[in-house]
Amino acid sequence: MRVPNSVVLPVGTHTDCCQEADVEEKRCDIMSKIAAMLEERKSNLSHFIDNLEGSEESEFYVDQWERLKEMENRTLTILNLVPVNCTDCRDIKKLEAVILEHARNEELFPEVVRVLPPVYRQVEAAIVDVAQSEEMADHGMMDLQYLLSKLSHREHLTNLGRELLQDILRYLHRIGLVIWYEEIKHLENTVFLQPTFLITMFKLLVRYRLVQQLESIS
């Protein structure tokens, strides 16, 4: 909701735990709840904006008003939910096909046909090489400045600057090759070259039926 012009593809898992007739009913129910949530968000934003505009000291809330107006003007596209059985490889392939179909839709992603400068590909290939090197720790975490130093020692990347690297990292973060939380102060100087490590960590912390699993431990 905070990302400008974002596109969201809801995915409903664990269809193997449902009766086949229930899947479509649950899909419709989830989509209707999403629609209601978006409508409530729109209503809340309008309410907050009206309150600020009607305040006797509205000049003190200009920054907050501008942020709310910016959020109000952002579009959020919700695609149809895709139900999948994660234990069935055919369903995973189906989900993959749906994602690729949407990703190639120029109406949803106008920049999908944008031609990247050659240096983007060069840095991408170099980062993959660094991530796969024997000296790379399993967690794949690397200091941003150290990464820049490693890359700039390569023959074709000697002129690579920090600002250009940050632009390229934003792109690589969007496509999922690396993870870089530049908006989080404590993580802005750390690049995760192995996103799968973070996924593994999240799986340990956020788990299906976690409460029941913990309660089963004597």
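Me: What makes Met-201, Phe-202, Leu-204, Leu-205 and Val-206 a nonpolar patch on the surface?

Reply: A patch is made of residues with over 30% relative accessible area and no salt bridge, where like charges are joined within 9 Å and nonpolar side chains (Val, Leu, Ile, Met, Phe, Trp, Tyr) within 5 Å. Met-201, Phe-202, Leu-204, Leu-205 and Val-206 form such a nonpolar patch, and together they have about 520 Å² of accessible area, a value that comes from the Shrake-Rupley method with a 1.4 Å probe, with only the protein chains shown counting as cover for residues. This is a predicted model, in which local features need pLDDT of at least 70 and side-chain atom pairs count only at pLDDT 80 or more, while totals for chains, interfaces and linings use all residues. Residues are numbered from 1 along each chain as its sequence is written, and side-chain values use heavy atoms, with hydrogens and water left out.

Me: Why is Phe-202 called partly exposed?

Reply: Buried means under 20% relative accessible area, exposed means over 50%, and partly exposed is in between (1.4 Å probe, protein chains only). Phe-202 has a relative accessible area of 43%, so it is partly exposed. Phe-202 lies in helix H7, residues 195-205, where a helix is a DSSP run (H or I, at least four residues), numbered from the N terminus.

Me: How do you know that Lys-33 and Asp-29 meet in a salt bridge?

Reply: A salt bridge is a side-chain nitrogen of Lys or Arg within 4 Å of a carboxyl oxygen of Asp or Glu. For Lys-33 and Asp-29 the distance from N to O is 3.2 Å, so the pair meets the definition. Both residues lie in helix H1 (residues 20-53), 4 residues apart, which is about one turn of the helix.

Me: Is Asp-88 buried or exposed, and what about Arg-90, its salt-bridge partner?

Reply: Asp-88 has 18% relative accessibility and therefore counts as buried, whereas Arg-90, at 65%, is exposed. The closest N and O atoms of their salt bridge are 3.0 Å apart.

How values were computed. Helices (H or I, at least four residues) and strands (E, at least two) are DSSP runs, numbered from the N terminus.
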